[in-house]
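Subject: Structure handover

Hello,

Here is the structure I promised to pass on. Please open it first, then read my notes below.

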Amino acid sequence: MLFISHFSCRAILTILTMGCGIAVHAQSDIGSYDLRCEYLVNPMGIDVEAPRLTWKISDTSQGAKQTAYRVLVGTDSMAVAQGKGENWDTGEVPSDANLVVYKGTPLKPFTRYFWKVESKGVEGKTYQPREIAAFETGMMGMENWQGAWISDNSDVDLKPAPYFRKAFEMPKKIKSARAYIAVGGLYELYINGEKVGNHRLDPVYTRYDRRTIYITHDVTSYLAEGNNAIGVLLGNGWYNHQSTAVWNFHKAPWRNRPVFCLDLRITYEDGTVKTITSGKDWKTSLSPVIFNSIYTAEHYDARLEQPGWNTAGFADSAWKEVYYRSAPSRHIVAQAMHPIRNVLEIPAISMSKPNDSTYVFDLGRNISGVSRIRVRGEAGTVLRLKHGERLYDNGHVDLSNIDYHYRPTDDSDPFQTDILILKGQGEEEFMPHFNYKGFQYVEVTSSKPITLAKESLTGYFMHSDVPAIGKIASSNPVLDKIWWATNNAYLSNLFGYPTDCPQREKNGWTGDAHIAIETGLYNFDGITVYEKWLADHRDEQQPNGVLPAIIPTGGWGYEWANGPDWTSTIAIIPWNIYRFYGDSKLLADCYDNIKRYVDYIESISPEGLTTWGLGDWVPVKSKSPVELTSSVYYYTDALILAKAAKLFGKQGDYEKYTALSAKIKDAINAKYLNRETGIYSKGLQTELSVPLYWGVVPDELVSKVATNLAKRVEADGFHLDVGLLGTKAILNALSENGYADVAYKVAAQETYPSWGWWIVNGATTLYENWRIDAKRDISLNHIMFGEIGAWYYKALGGIQPDEAQPGFKHFILEPHIVEGLEQFDVSFNGPYGAIRSSWQKTGKRVKLSVTVPPNSQCTFRWDRDKWAKASIGKQASQGETIELAAGHHEIVLQ
Ligand code: BGC
């Protein structure tokens with residue numbers, strides 16, 4: 001082994017992020033940056049007693065490393081800047097950690113804390129933050145709420161959404177103001193006529209009767225001395241599901257008329273505090289939102305608008321009294337995550353007019369989100385905006401691939417179709433408040449003649465606004481397009497919980513989410529969403545350990561599709577968060593749940609094999625035995641549990657679950673593996689790749705099974721023959737075991753069945769079915785075949801976390817320089833900063849450009865059967881591996 005710490009690169013490392021522009025870390029100087037609390041930048045309204053603080057070091061020099069840190073926390077920013085931490089001062093801690101858990105004086109509610117980290121490095125370097133960071137506490141406990149839960153007195157089936165308002169006077173100048181609003185349903189908050197903030201569909205969906213979410217808004221700039229008014233519009237969301245579909249959300253146990261509780265806490269310049277609260281002194285009226293369904297669409301009658309309803313001067317004498325209502329649950333917690341937003345505006349690329357009263361708009365790409373229309377017309381004109389992913393040959397929008405689980409009781413709630421009734425006064429604008437859809441096309445029909453232009457309609461790509469942290473670029477444009485489409489499908493399915501598709505279901509399908517976890521974590525900073533979703537898991541778990549197939553759920557999914565091949569999310573997701581972030585909190589929070597889950601499977605599968613599960617969902621053609629795949633997931637869960645037990649020092653559990661995982665492995669191999677031939681079951685792609693990928697194959701047979709897999713794939717014409725479970729394993733099982741070239745052939749394939757086949761046929765998202773002309777299971781925006789988005793990083797870029805030093809403290813760098821690809825470039829902004837791996841073939845050599853972020857390290861490996869020697873500058877290695885220190889490295893393989 002050779003340890004090389006090479007020259008530093010003075011050049012600034014730029015991470016190109018997808019969709020939202022460029023994040024540049026100007027690193028001409030050294031210091032600490034990206035200071036975060038609970039993985040958010042300067043969050044407001046956090047509720048945890050011991051928040052996690054993280055940071056990165058900026059230093060491009062070779063071997064840059066933190067040798068000690070000191071964290072200071074206090075309520076006076078100047079004092080913190082000057083090195084005084086009245087609430088917490090860790091003192092100088094000799095450590096390279098960049099994650100600490102707050103252990104200072106107990107945090108008070110409604111308080112802004114400032115913090116900074118001072119780090120030391122090698123050779124007497126010091127790293128100071130560029131800015132003092134902050135976090136602000138919210139309620140910090142149920143007892144601090146002052147408002148009442150209120151609603152109007154309407155029935156759950158009443159369709160129009162309610163407005164609420166209250167006018168009040170502020171006698172003095174204000175210093176700051178915060179609105180805390182907890183809601184069963186969805187809301188929009190207005191102050192003095194202005195909508196507060198840019199979040200959409202707040203609060204995120206939870207199991208409302210077990211955990212209800214509140215949001216904190218800084219509303220200082222919305223208020224003024226004198227007369228003020230606050231307005232709230234409530235939507236149904238998943239709380240009051242009025243549309244009827246096969247999952248019975250209209251029968252959810254929590255279902256009720258939307259309800260809210262609000263505290264507006266105002267601090268005046270003289271230091272006094274006044275809290276305006278929701279209560280009997282509010283008034284209510286029905287709004288122009290005459291129908292809203294998270295699942296189908298929204299209907300709006302502009303003739304019912306009440307201009308100025310949310311301003312102080314509005315005459316509300318005709319408005320009705322509000323009613324006290326029960327809180328949805330006794331557990332009201334802060335929404336500490338990246339919110340849903342209208343992230344990207346997408347103009348229509350074309351408009352057609354199939355007949356005189358119909359216009360069809362094409363966004364040119366498939367998205368999750370909403371459309372906004374601007375239109376003029378006579379009062380009472382009814383516009384219907386039908387959103388879909390496909391067109392019929394006659395140019396009209398086709399919903400048949402996405403509406404077949406919908407069970408409407410009449411024709412008043414058409415699928416994915418907004419209905420707008422014009423008020424007839426100049427240009428009118430409409431965009432739904434409380435719904436989103438999956439679509440590329442919008443068909444607008446009008447009851448009376450209207451004139452529309454291409455510019456009349458705009459699309460908005462909505463999703464949880466998680467920062468993009470990864471980027472790939474290669475010499476193969478189809479490969480790059482698959483990556484982009486994968487990310488589009490991933491984001492289209494991230495709405496505070498991961499979903500299967502943004503149109504037909506919007507369900508938190510567990511299986512789809514664990515398949516896509518690594519794709520998510522390489523490409524986006526998604527920890528906040530997953531921590532929230534695993535809390536949903538804990539809320540939904542039965543005392544016996546069973547989880548439902550969709551989470552959250554109104555009750556559906558405890559009976560079907562919830563075997564280990566789907567609901568292993570409870571183990572796989574916390575484990576991956578640990579691998580990617582080096583943070584074991586989620587794993588610790590879920591430890592007992594994983595244990596209960598594994599114990600349950602053991603109770604129904606005492607011999608080590610389980611048939612509980614769906615199996616390789618939507619396969620190309622071959623179906624593998626459910627018992628094989630489900631037992632592999634059972635094995636994986638037991639193994640994760642054993643590793644977690646070891647991590648948390650639970651020796652008894654560690655021994656017990658290590659033995660259990662060995663027993664399951666043996667049972668799988670005894671029944672399915674032919675040790676002579678190295679073939680599992682009938683030797684199908686899924687049957688060979690799933691045991692290989694999840695580490696079930698006995699060591700001595702790994703290469704034999706991998707060779708069989710490579711042969712199988714070749715016999716299948718280098719085309720896929722897998723479903724959801726096989727797709728997770730196939731590329732990795734090949735590239736991890738000496739067949740990266742074969743994996744690449746499959747990944748870059750452009751004929752059916754393959755990812756490329758979708759792309760060359762115009763896909764901008766991933767599909768649910770390998771067959772484009774399938775009659776069912778053909779949503780055009782599914783993430784369940786999305787593992788390829790992670791494989792690029794793992795196999796072509798070669799960037800892999802090391803479980804022994806998680807969070808990319810140490811990582812493996814093993815790029816596969818595959819046949820048929822000239823160049824590949826990947827960057828991934830992990831917890832220590834940007835990792836870059838880029839390679840280019842030049843004749844018989846390969847030039848690699850590698851960046852290891854400060855305070856981390858990696859082990860470089862290469863395909864030694866292809867390239868005997870790796871050289872860095874004048875130093876050459878023919879060994880097994882090279883250790884690379886932080887900094888930039890140019891490597892030549894020959
Ligand atoms: C969903 C899938 C899901 C499956 C499980 C489908 O309807 O769209 O993505 O995993 O059901 O049965």
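Start at Pro-203, which is found in the loop between strand E17 (194–195) and strand E18 (212–218). Helices (H or I, at least four residues) and strands (E, at least two) are DSSP runs, numbered from the N terminus. The peptide bond from Asp-202 to Pro-203 is cis, with omega near -15°.

Before going on, some ground rules. This is a predicted model, in which local features need pLDDT of at least 70, side-chain atom pairs count only at pLDDT 80 or more, and totals for chains, interfaces and linings use all residues. Residues are numbered from 1 along each chain as its sequence is written, and side-chain values use heavy atoms, with hydrogens and water left out.

Backbone notes

Pro-552 sits in the loop between helix H5 (527–540) and helix H6 (564–567). Phe-110 is not a glycine, yet has a positive phi of about 55°. The loop that holds Phe-110 lies between strand E9 (99–101) and E10. Met-140, also not a glycine, has a positive phi of about 50°. Its loop joins strand E12 (133–137) and strand E13 (150–151). These cases stand out because most residues other than glycine have a negative phi, and most peptide bonds are trans.

The ligand

Which residues surround the ligand? They are Asp-500, Arg-504, Glu-505, Trp-509, Asp-512, Trp-560, Trp-566, Leu-614, Trp-617, Glu-768, His-782 and Met-784. Each counts as near if one of its heavy atoms lies within 4 Å of the molecule. By class, this shell has six nonpolar, one polar and five charged residues. Here Ala, Val, Leu, Ile, Met, Phe, Trp, Tyr, Cys and Pro count as nonpolar, Asp, Glu, Lys and Arg as charged, and the others, Gly among them, as polar.

For Asp-512 the distance is 2.4 Å. For Arg-504 it is 2.7 Å. For His-782 it is 2.9 Å. The protein covers 96% of the 310 Å² of accessible area that the ligand has on its own. Accessible areas come from the Shrake-Rupley method with a 1.4 Å probe; for residues, only the protein chains shown count as cover.

Arg-504

Arg-504 lies in the loop between helix H2 (477–492) and helix H3 (510–515). Arg-504 counts as buried because its relative accessibility is 2%. Buried means under 20% relative accessible area, exposed over 50%, and partly exposed in between (1.4 Å probe, protein chains only). The side chain of Arg-504 makes a polar contact with the side chain of Glu-505 (2.9 Å). A polar contact is a pair of N or O atoms within 3.5 Å; within protein, one must be able to donate a hydrogen and the other to accept it, and residues adjacent in sequence count only if both atoms are side-chain atoms. Beyond four places in sequence, Arg-504 is in contact (heavy atoms within 4.5 Å) with residues including Trp-247, Tyr-295, Glu-768 and His-782.

Cores

How many residues does the largest nonpolar core have? It has 253, and those with the most contacts inside it are Trp-755 and Tyr-792. Helix H9 (residues 626–647) gives the largest share of this core, 11 residues. A second, separate core of 21 residues includes Val-71, Tyr-113, Val-117 and Met-140. A nonpolar core is a set of buried Ala, Val, Leu, Ile, Met, Phe, Trp, Tyr and Cys residues joined through side-chain atoms within 4.5 Å. Met-140 is buried, with a relative accessible area of 15%.

Other residues to look at

Thr-686 belongs to helix H11 (residues 685–693). Thr-686 is buried, at 1% relative accessible area. Its side chain makes a polar contact with that of Asp-616 (2.6 Å).

Ser-119 is in strand E10 (residues 112–121). Ser-119 counts as buried, at 2% relative accessibility. The side chains of Ser-119 and Gln-66 make a polar contact (2.9 Å).

Is Lys-173 buried or exposed? Lys-173 counts as exposed, because its relative accessibility is 51%. Lys-173 is found in the loop between strand E14 (162–170) and strand E15 (174–184). The C-alpha atoms of Lys-173 and Glu-225 are 52 residues apart along the chain and separated by 5.4 Å.

Best wishes
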